[in-house]
Amino acid sequence: SLFSSAHTPWHHSYVASSHFGFQVKDQERLHSTMVRRAGRALLIALALLIACDVLSFCAPLARRGANSSRFTGSLHPAPDAPLTPAAAGTSAMSTSQVYFTGIGWYLMHFVVSIGNDSIMKFLGETLPPFQVVFLRFSTAALVLLPLLVIQGRSAFKSARLSMHFSRGLLLALGIGLWCFGLNLMPFASCVVINNTMPFFKMLFAQLILGEKVGKQRWLASLAGFIGCLIVFNPTAATFQPQSLVLILSACCFAMLDIFNKKYTASETVTSMLFYGSLATAAISAVRAIPGWVPVTGSQLGLIGCLGIGANFLLYCLLKAFKYVDASATCPYRYTEFVLSAIVGFFAFKELPSSSTLLGSCIILPSVIYTAYAETRETSDEKEDVAAP
């Protein structure tokens, strides 16, 4: 997970003189108040920006025609629309190939995520969480900057800049609520509640994107969530009122995926990567700068790897959304636990616990069932269309 260790408040040392000490405290209290007010003003402004963006964001998608797939919508673009490489490649593939290609990209994003989370966990032991977030996404934007400069001014163009700031706000808010929840509840409970995200994503995909969310996706996601419960064995604190904080965090991450799916067809991958990272870095800077901790040379090297990994992670996710529906990826969300156990075994010689093995025995059959049901249903639909 993103921040698996709790972070205690940073304490400041004051001088022995009580009079001067009170002055320092008053200055710091004033500075802290100003920072909080500036942060609130920024959040209110970006919330208004999202409210304006929602009017066009919730517009219904075009109805699927005869040449459509239940995974991605229309496989063939409109006659007047430019044929992108992804669209050209998708139109020449069978529906099963489209499905497994998209799921393959989605699983690859988990592999990158495991490496990124390991680095963030290590950095989080000495750096505040929002400073790690700021460094991660500012580095991701800097890594992309030379590529955009080489491509020219057209690479910086985006039809919806407000959408990128909305994505950044959702990510920063989701991370902030997650960190806050870690201080309220046990870690296992936090992970379990965070993994309700696929259910919110399927609901949002159906209501906002107009996706057809079949019963097999709901059932497979439910089975995966049960496997998650077995792996982490949460306490009764999972079902306390304070879990609402983490539920809101899960909603933010779910809506972020809906944004990514919605605009992956109209925005370039580089603009989605660059402006999303830039917006997240700018928003997280509000919390990162006041408690800034000096960064060592070795940490800078890890931060560089983190920035590159952040770009590759989102690239894999955007590629997945070019092939499959956002809701089609939901049952595979829980394979992250299985992949983490596999990486831990081969890379660190860590034997998985009995609960992890038992949970995997539920998660893996559920995703196999999903793949079988999705591809079979698509084949049946294709035969019905071909039939006279």
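Helices α3 and α12 are oblique to each other (angles under 35 degrees count as roughly parallel, over 145 as roughly antiparallel, 65 to 115 as roughly perpendicular and the rest as oblique). Their packing angle is about 55°, and their axes lie 10 Å apart. Axes here are lines fitted to C-alpha atoms, for helices over the stretch in contact, with angles running from 0 to 180 degrees between N-to-C directions. Helix α3 spans residues 95-123. Helices are DSSP runs (H or I, at least four residues), numbered from the N terminus.

The model is predicted: local features need pLDDT of at least 70, side-chain atom pairs count only at pLDDT 80 or more, and totals for chains, interfaces and linings use all residues. Residues are numbered from 1 along each chain as its sequence is written, and side-chain values use heavy atoms, leaving out hydrogens and water.

A second pair is α5 (residues 161-182) and α10 (residues 269-288). They also pack at about 55°, with axes 8 Å apart. This crossing is right-handed.

Now the charges. The whole structure holds 4 salt bridges (a side-chain nitrogen of Lys or Arg within 4 Å of a carboxyl oxygen of Asp or Glu). One of them joins K201 and D257 at 3.0 Å, N to O. It links distant parts of the chain: K201 sits in α7 and D257 in α9, 56 residues apart. Both residues are buried (under 20% relative accessible area; exposed is over 50%, partly exposed in between, with a 1.4 Å probe and protein chains only).

R217 pairs with E374, with the closest N and O atoms 2.6 Å apart. R217 lies in α8 and E374 in α13, so this bridge ties together parts 157 residues apart in sequence. R217 has 0% relative accessibility and counts as buried. E374 is likewise buried, at 0%.

R333 and E336 form another bridge, at 2.7 Å. R333 is buried at 11%, and E336 is buried at 12%. Through shared partners, salt bridges also join R217, D325 and E374 into one network.

What lies in helix α11? F321 does. F321 is buried, at 0% relative accessible area. Its C-alpha is 9.0 Å from that of I103, 218 residues away in sequence.

Last, the surface. L351 lies in the loop between α12 and α13. At 71% relative accessibility, L351 is exposed.

Conventions: Helix = DSSP H or I, 4+ residues; strand = E, 2+ residues; numbered from the N terminus. Left-handed = near helix turned anticlockwise from the far one by under 90°.
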